[in-house]
Amino acid sequence: MNTSDSERLSSGFEQMGFDSSDDPAKADVVVLNTCVVRQSAEDTATGMLGRLAKIKRQSPAQLGPMVAVMGCMVGPDQSELRRRFPQVDIWARPQQFAPILESAGIRHGLDPEGCLSGAVPLNPHVASFVPIVHGCDKFCTFCIIPYRRGREISRPAPEIVHEITVMVDRGVKDITLLGQNVDSYGHDIRPRLDLADLLEQVHEISGLERIRFLTSHPNDMSVRILEAVRDLPKVCENINLPFQAGDDALLVNMRRGYTIGQYLEKISQVKETIPGVNLTTDLIVGFSGETDNQFERSLDVLRAVEFDKVHVAAYSNREGTYASRNMPDTVDRSIKKARLVAIDEVQQKIQTVKNAKLVGRAFEVLIEGRKRSRLHGRTRGDKLVYIDTQNSQSLEPGQTMLVEITSSSPWSLEAYLAPFSYADDGNNSHRVNKEKVPVA
Ligand code: SF4
């Protein structure tokens, strides 16, 4: 979400006539787009603010950069932040681009008029993100997001479709629709529509090849959405469904709104509806009071579901949340670290086995870039693939190639360009559109 916000703000600056700079000491404007979902992310932001204070102190009067801080660090009341960080000129809440552009405009005699509407990235990555719903209404006890990003607000579908159409004109082939709870999209729009309706509309955009969405809440993942994933050819067979903890008592304390039994039922429904689906999840270890037995239940879920990828984080107390006021952060740091390692070990074995089964099979890969002699891209199932390309210097990011997987690791796959005779082997995790596949 932050990457997408930064791209949009950056586009506004470019339209005003600013260039980008890698060096904050040489920049006229520095915008720090912050994340505070974990303590480590907040520490990174405050460390950077210390560096910017030094740059401002060392600059001649009035010539230091204008410093703006945007994103989740900025809540509704900024008085404490202003006191702690006097080096910051502008505080802006998530997606509040206007005050930043306006202040930069006043300072440098540039007019931001018209640079905000349609702040679509000018040079978007071939696989790009588009926020479709901002904020969150769920209030999980450990999470600061609803307090910082506010309540859920869905963007109008025509605005989203227009934005993606422009992005596709600028070279985007793979779009990920974003929301803290993307699958609750549309509940606040009248006449009502849902994520399945939006997927259908985005699917109509000519030139767009792949559609994904992140992140889903198990309680909002409807059969209608799953059937849209199954039935719309451009929608990739990826579902990210966080479970956060494998123990019911912890799930109650987290206020997640489901039991682990209900979660596993939902997973079965996903697997039945979308054969070959790639499943990922998010998980917290060391939440307040988590015992060894409760942690074991999280490992049990990993073994039962066999996710393709797991995003795991050690719990860190976020001031302002319900948990920070009512549930002491009791699990020792060393225990959290050991649990992270245990999760990695179990998951690594699962991914080793799963990825090894892909060797020898053919997949469509959308090329996203080149590193030295190797191209890299992703399958529809979001597997990272490195392609050995002896005779393919002419291949460019944005092309979709058919490849044969030659080897695997838990984290990525190696491949070479497949002869055209490889076709869809019937597993719809990589439906091959022969029209699009160049003859190798
Ligand atoms: S659903 Fe996600 S974003 Fe919303 S409060 Fe829970 S963890 Fe935070």
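Modeller: The chain falls into three domains: domain 1 (2-108), domain 2 (127-356) and domain 3 (362-436). The model is a predicted one. Your part is domain 2, which spans 127-356.

I start with the sheet that contains strand 4 (residues 127-134). This sheet is open, has four strands in the order 5-4-6-7, and its pairing is mixed. At its edges lie strand 5 (153-154) and strand 7 (210-214), each of which pairs on one side only. Strand 4 and strand 5 run antiparallel and are joined by two bridges. Within that pairing, Val133 has Ser154 of strand 5 as its bridge partner.

Helix 7 packs on this sheet, where it touches strand 4, strand 6 (174-179) and strand 7. The direction of helix 7 makes about 155° with that of strand 7.

Helix 7 (residues 195-203) also meets helix 6 (residues 157-169): the two axes come within 10 Å and cross at roughly 35°. The crossing is right-handed. On the helix 6 side the contact is made by Ala157, Ile160, Val161 and Ile164, and on the helix 7 side by Leu198, Gln201 and Val202. By type, these contact residues are six nonpolar and one polar, with no charged residue.

Next comes the ligand. The residues around it are Cys136, Lys138, Phe139, Cys140, Cys143, Ile145, Pro146, Gln180, Asn181 and His217. Six residues of this shell count as nonpolar, three as polar and one as charged. The list includes Cys136, Cys140 and Cys143.

Six bridges link strand 9 (residues 278-285) with strand 10 in the parallel sense.

Taken over C-alpha atoms, the centres of domain 2 and domain 3 are 26 Å apart. Their contact draws on 19 residues from domain 2 and 15 residues from domain 3. On the domain 2 side, helix 13 (residues 333-356) supplies the largest share, five residues. The residues on that side divide into five nonpolar, eight polar and six charged. The contact of helix 6 with helix 7, by comparison, has six nonpolar residues, one polar and no charged.

For orientation in domain 3 (362-436), look at strand 15 (residues 413-417), which runs parallel to strand 13 (residues 384-388) and is joined to it by four bridges. There, Tyr386 stands opposite Glu414 of strand 15. Strand 15 also pairs with strand 14 (residues 400-408), here in the antiparallel sense and over five bridges. In this pairing Ile405 stands opposite Ala415. A hairpin of four residues leads from strand 14 to strand 15.

Terms used:
Residues are numbered from 1 along each chain as its sequence is written. This is a predicted model: local features need pLDDT of at least 70, side-chain atom pairs count only at pLDDT 80 or more; totals for chains, interfaces and linings use all residues. A residue is near a molecule or strand if its C-beta atom, placed from the backbone, lies within 6 Å of it. Ala, Val, Leu, Ile, Met, Phe, Trp, Tyr, Cys and Pro count as nonpolar, Asp, Glu, Lys and Arg as charged, and the others, Gly among them, as polar. Axes are lines fitted to C-alpha atoms, for helices over the stretch in contact, and angles run from 0 to 180 degrees between N-to-C directions. A crossing is left-handed if the near helix is turned anticlockwise from the far one by less than a right angle, and right-handed if clockwise. Two residues are in contact if their C-beta atoms, placed from the backbone, lie within 7 Å. Two strands pair if DSSP finds at least two bridges between them. Domain bounds come from an automatic or database domain assignment.
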